[in-house]
Amino acid sequence: MQQCPLFGWLAPLHNRAGATLQQLGSRIGLCTEPGFRAGADFLDLLVSVGCLAREGDGLGALYRNSEVANRYLVRGQPEYCGGILALNSDRSFPMFGYLPHALQHGEVPPEAFQRVPDILSTFGSDVGAAEFFAEGMTGASLGNFRLLAERFPFSRFASVGDLGGSAGCLACCVATRHLHMAATTYDLPPVHAAAERYVRSQGCEGRVQVVDYDFFSPDPVPAGHDVLTYGMVLHDWGLDKKILLLRKAYAALPPGGALIAIDHLVDDERRSSPIQLGMSLTMLLEFGRENAFDYSYKEFCEWARQVGFTSFELLCLVGTAKAAVAYK
């Protein structure tokens with residue numbers, strides 16, 4: 001995705017005829033040698049899955065972005081989601097080569113992080129890598145956060161704080177749909193600039209605040225919010241840190257406040273969750289010794305009740321994603 005900027009180059013041609021295989025080959029580096037079919041196979045694969053449209057056949061065929069691709073796969077578009085594809089290509093797929101070792105030895109081998117940088121180090125110091133990861137998280141979560149803004153009763157609340165908010169996608173979704181809500185996105189300093197850019201791109205400047213905060217620091221979660229969110233955060237950690245994050249959120253909320261955890265929740269019986277359990281193994285590989293895992297709604301309720309929450313609710317989002325809600 002990063003190395004083949006096909007959709008971005010085709011975007012200006014969207015309302016025109018398009019481009020031929022030869023034109024695309026010279027522009028983005030596809031091999032177009034006589035007898036080599038893979039370039040055409042690649043483009044027609046994208047036609048088959050609805051990412052490109054094609055007029056004509058053979059060497060004179062003209063390709064352009066489909067409506068879906070122009071909306072979601074062109075960097076700079078408000079609804080761009082391609083970051084998660086690039087992130088999976090660069091990080092998640094290579095890491096799965098180390099899954100047998102992790103399953104046999106209980107940890108990811110050190111050489112894995114020579115190929116794919118440790119995610120904790122990435123967020124701690126490497127601004128470029130952290131911004132790349134944040135763009136991936138926006139791509140993975142935009143649809144879920146929009147549905148959350150639609151389905152959770154934010155009209156009953158005044159302020160949302162998104163902990164581990166990455167580029168600020170969740171805060172912007174809530175602020176855009178609920179004009180009365182104050183919104184703040186919290187994350188580590190390396191993603192601060194990316195979050196400010198995203199907030200501006202969504203027209204939320206002045207309404208969504210970007211604040212540096214490490215939720216594992218001794219400092220309490222900033223007060224003043226009656227809704228706190230962990231969007232694709234709890235599954236990054238082992239049990240002890242999951243409970244710590246729940247406990248810190250509980251302490252920061254007023255009576256009647258709500259904590260929302262968005263993740264791909266495993267079914268309670270662990271019999272019908274192939275995507276969720278695949279995600280769980282991905283988290284194991286990404287976070288190494290953290291022993292990270294995805295969890296069920298039943299487990300979430302048990303942990304949240306343990307730290308003081310008293311009532312719970314489950315909201316369905318996109319596909320296997322759910323919002324587990326705990327009220328204080």
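**Figure 1. Burial of helix H10 in the predicted model.** Cys 169, Leu 170, Ala 171, Cys 172, Cys 173, Val 174 and Ala 175 of H10 are buried (under 20% relative accessible area, with a 1.4 Å probe and protein chains only). Helix H10 spans residues 169-177, and because 7 of its 9 residues are buried, the helix is largely enclosed by the rest of the structure. Helices are DSSP runs of H or I with at least four residues, numbered from the N terminus. The model is predicted: local features need pLDDT of at least 70, side-chain atom pairs count only at pLDDT 80 or more, and totals for chains, interfaces and linings use all residues. Residues are numbered from 1 along each chain as its sequence is written, and side-chain values use heavy atoms, with hydrogens and water left out.

Figure 2. The relative accessible area of Cys 169 is 3%. Leaving aside residues up to four places away in sequence, Cys 169 touches Thr 138, Leu 142, Phe 145 and Tyr 198 (contact means heavy atoms within 4.5 Å). Phe 145 is 24 residues from Cys 169 in sequence, yet their C-alpha atoms are 7.4 Å apart.

**Figure 3. Contact of helices H5 and H9.** From H5 (residues 83-95), Gly 83, Ile 84, Ala 86, Leu 87, Asp 90 and Arg 91 take part. Their partners in H9 (residues 127-151) are Phe 132, Phe 133, Glu 135, Gly 136, Met 137, Gly 139 and Ala 140.

**Figure 4. The two assigned domains.** Domain 1 covers 11-73 and domain 2 covers 82-327, with bounds from an automatic or database domain assignment. Their C-alpha centres lie 36 Å apart.

Technical notes
Buried means under 20% relative accessible area, exposed over 50%, partly exposed in between (1.4 Å probe, protein chains only). Helices (H or I, at least four residues) and strands (E, at least two) are DSSP runs, numbered from the N terminus. Axes are lines fitted to C-alpha atoms, for helices over the stretch in contact, and angles run from 0 to 180 degrees between N-to-C directions.
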